[in-house]
Amino acid sequence: MTLMTIRLEAARGPDFPNGSSEHGYEFTAPVTKEGHLDSAAWAPNKARCTVTRFWGGHEQNGHLRHVGHGWRFDYREGEEDDEPFFKLDKHAIEPGAYLTVREMDGVERPFKIVRMEPAAP
């Protein structure tokens, strides 16, 4: 397991016909050699598993959370602002792959993994 910093950018879709490098997320997560998030490694590292949501010049900071079999971004106490991933426990995390996030407005949007690198110590 290695803690990785992963950058997601909005993929092509109804809101962003050409995608958008100004809308997305950068987060830190424990990733296995096979490219899956490691829930066992997340627990002792959860304070380092942070997220920054960047959205057209605005930023919001929070944490990556593991809940049951799922993963979500969490910004404040309570679940009303949580942004869950769609079946992230089943998807490989690798550059060029696509992930779906259900954002705070309830809309599921596709994002492309544009960069992965080892997280700073």
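**Charged pairs, core and sheet**

Tutor: Start with Arg-109 and Asp-105, whose side chains form a salt bridge at 2.9 Å, N to O. Keep in mind that this is a predicted model.

Student: Is Arg-109 buried or exposed?

Tutor: Arg-109 counts as buried, because its relative accessibility is 12% and the cut-off for buried is under 20%.

Student: And where does Asp-105 fall?

Tutor: Asp-105 is partly exposed, because its relative accessibility is 49% and exposed means over 50%.

Student: What about Arg-102 and Glu-108?

Tutor: Their side chains also meet in a salt bridge, with an N to O distance of 3.7 Å. Arg-102 is partly exposed, at 40% relative accessibility. Glu-108 is partly exposed too, with a relative accessible area of 43%.

Student: How many salt bridges are there in the structure?

Tutor: Ten.

Student: Which residues are linked in a network of them?

Tutor: Arg-7, Glu-9, Glu-26, Arg-115 and Glu-117. Within that network, the side chains of Arg-7 and Glu-9 meet at 2.8 Å, N to O.

Student: Are Arg-7 and Glu-9 buried or exposed?

Tutor: Both are buried.

Student: Switching topic. Which residues touch the most other members in the largest nonpolar core?

Tutor: Ile-6, Leu-8, Phe-27, Leu-64 and Phe-85, out of 27 residues in that core. Strands 1 (2–10), 2 (20–31), 5 (70–74), 7 (98–102) and 8 (108–118) each give two or more residues to this core.

Student: Which strand gives the largest share?

Tutor: Strand 1, with five residues.

Student: What does Leu-64 touch?

Tutor: Leaving out residues up to four places away in sequence, its contacts include Phe-27, Leu-37, Trp-42, Trp-71, Phe-73 and Phe-85. Thr-28, Thr-50 and Arg-72 are also among them.

Student: Now the sheet. What is the strand order?

Tutor: The order is 6-5-4-3-2-1-8-7, in an open sheet of eight strands with antiparallel pairing.

Student: Which are the edge strands?

Tutor: Strand 6 (83–84) and strand 7, since each pairs on one side only.

Student: How many bridges hold strand 5 and strand 6 in their pairing?

Tutor: Two, in the antiparallel sense.

Student: Which residue in strand 6 is the bridge partner of Phe-73?

Tutor: Glu-83. Phe-73 also turns up among the contacts of Leu-64.

Conventions:
Residues numbered from 1 in each chain as written. Predicted model: local features only at pLDDT ≥ 70, side-chain atom pairs only at ≥ 80, totals over all residues. Heavy atoms only, no water. Salt bridge = Lys/Arg side-chain N within 4 Å of Asp/Glu carboxyl O. Buried < 20%, exposed > 50% of the residue type's maximum accessible area, 1.4 Å probe, protein only. Core = buried A, V, L, I, M, F, W, Y, C linked by side-chain atoms within 4.5 Å. Helix = DSSP H or I, 4+ residues; strand = E, 2+ residues; numbered from the N terminus. Contact = heavy atoms within 4.5 Å. Pairing = 2+ DSSP bridges.
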